[in-house]
Amino acid sequence: MLNILCLDIEGGHGGSSRSLFNSINNLDRNEVNIEVWCRGSGAIQVLYNSIDISVYVVPEMPKISSLTLLSRNLILMTLFFFRDWPRSKVFRKKLLKESERFDLIHCNHESLYWLSRWINKHTSIPVTMHKRTNLWPSVFSYFQINMIKNHVSGLVFITENEKNNFVELGGSDIYSKVIYNTVPEVKELPSPLEEIPNDEKFKICTLANYSYMRGVDQLIDVALNLKDTYQDKILFVVAGDVSLSKSLPGRLGDIAKKGGNLSDYAHEMGVGKMFLFLGYVAEPERVLSACHALIRPSRECNPWGRDVLEAMSFGLPVVATGTYNRFVVDGVTGFLMDEFEPKKISDCIIKLLKNEKIVERMGEQGKKRVQCLCNGQDRAQDLLQFWREAAK
């Protein structure tokens, strides 16, 4: 029996938490004993309790990851070393004591890289890690990757893209494996969220907390393209925090300085009626069951996030940007464009709006594809085998 401690930086809500839970839920308990420590509290603990997995909330768990801007990296590093790391002393003492019960510690996100270094220096227990994002090239990113390379026994990449990014930033060919995130098969649709109107409008959703790189504001440019002809026929459903940072460029930053958010920006641009801003949603699957398609307007052109996989499992076509077509295949499971161009995106939405058969066909193809690539039992077995090798 392999005894593993999983450290989850989220726990309250978030894609990496859901991905870890789905993997653990598909593991054979006769082969592995899992315990999960979460940084935040939320619905995920209820889910773990429902499958008899021991789960604890430890908000002092220290995390840090490199960002795009030099100034923000400097601020973050300063806060981490002078505030967050010292505050984590009790947590680290507990971790050191409890670690004796485990054969391996798994960090569920690369932002635990400094903690992984500390574990490696203070115990003889192997540490593995999930790399779930692509870091922007900077001295901080190179430092983070070098730390992971030297102190982690094995890495799991959620796609080939994260592995390429690791290598490009100086990561050596340490023991690693690409394991796609697991996605449960949807056998019965959950009840749609009550806030989403049950009418004839074509509803296209996005599941993302606002950040400039996630690009949710670009949907307003699409709505402006569609407004004259389709204002009463299309509804953009936005699930996630729509707070704006005062450092954002142009009008977005101006609105933020006045205390406004993305909803205010949409209304100012004259397309507020085409949007439904839900804020944080505890059950995003209830958004998917109420909509006809999903759009991922990311400025990073990364069409492989958890929102994409879950939408496909619900039989929804996906409109996204990027060149990686393992999941979103242009004209097959949705529409995939090299970059975000509002006119081209609008044309894709119109095609879906006007042809129910295309929506159905793409949805079915997407469901089949994700069931093949993200099958829970197969991917969980891959993860267990990875842990076994790393534990050796």
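In this predicted model, 55% of the 392 residues of the protein count as buried. Taken along the principal axes, the C-alpha atoms fill a box of roughly 65 × 45 × 35 Å. Among the contacts with a separation of 6 or more, 68% come from residues 24 or more positions apart. The secondary structure comprises 15 helices and 13 strands.

**The seven-stranded sheet**

An open sheet is formed by 7 strands in the order S3-S2-S1-S4-S5-S6-S7, with parallel pairing. Strand S3 (54-57) and strand S7 (176-178) each have a single partner strand and stand at the edges, so one side of each is left without a neighbour in the sheet. From one strand to the next the twist averages 20°.

Helix H2 (residues 43-50) packs on this sheet, where it touches strand S2 (32-38) and S3, and its direction makes about 160° with that of S3. Helix H5 (residues 113-122) also packs on the sheet, touching strand S1 (2-8), strand S4 (104-107) and S5, and its direction makes about 170° with that of S5.

Strand S4 can be followed residue by residue. In a regular strand the side chains alternate between the two faces of the sheet. Leu-104 and His-106 point one way from S4, whereas Ile-105 and Cys-107 point the other way, and all are buried. On the S1 side, S4 pairs in the parallel sense over 4 bridges, and Cys-107 in S4 stands opposite Leu-7. With S5, strand S4 pairs in the parallel sense over 3 bridges, and here His-106 stands opposite Thr-128 in S5. The chain passes from S4 through H5 to S5 in a β-α-β crossover that is right-handed. Further along the sheet, strand S5 (residues 127-131) is joined to strand S6 (residues 154-157) by 4 bridges, and the two run parallel; within this pair, Met-129 has Leu-155 in S6 as its bridge partner.

**The six-stranded sheet**

A further open sheet, again with parallel pairing, is built from 6 strands in the order S10-S9-S8-S11-S12-S13. Its edge strands are strand S10 (275-279) and strand S13 (334-337), each of which pairs on one side only. With direction ignored, neighbouring strands of this sheet are turned by 20° against each other on average. Strand S9 (residues 234-239) runs parallel to S10 and is joined to it by 4 bridges, and Ala-239 stands opposite Gly-279 in S10.

Helix H12 (residues 306-313) packs on the sheet, touching strand S8 (202-207), strand S11 (293-296) and strand S12 (318-321), and its direction makes about 165° with that of S11. Helix H13 (residues 342-354) lies across S8, S9, S11, S12 and S13, running at about 170° to S13.

| H2 (residues 43-50) | S2, S3 | about 160° with S3 |

Key
Residues are numbered from 1 along each chain as its sequence is written. This is a predicted model: local features need pLDDT of at least 70, side-chain atom pairs count only at pLDDT 80 or more; totals for chains, interfaces and linings use all residues. Side-chain values use heavy atoms; hydrogens and water are left out. Two strands pair if DSSP finds at least two bridges between them. Axes are lines fitted to C-alpha atoms, for helices over the stretch in contact, and angles run from 0 to 180 degrees between N-to-C directions. Contact means heavy atoms within 4.5 Å. Buried means under 20% relative accessible area, exposed over 50%, partly exposed in between (1.4 Å probe, protein chains only). A crossover is right-handed if, with the strands pointing away from the viewer, the path from the first strand over the helix to the second runs clockwise.
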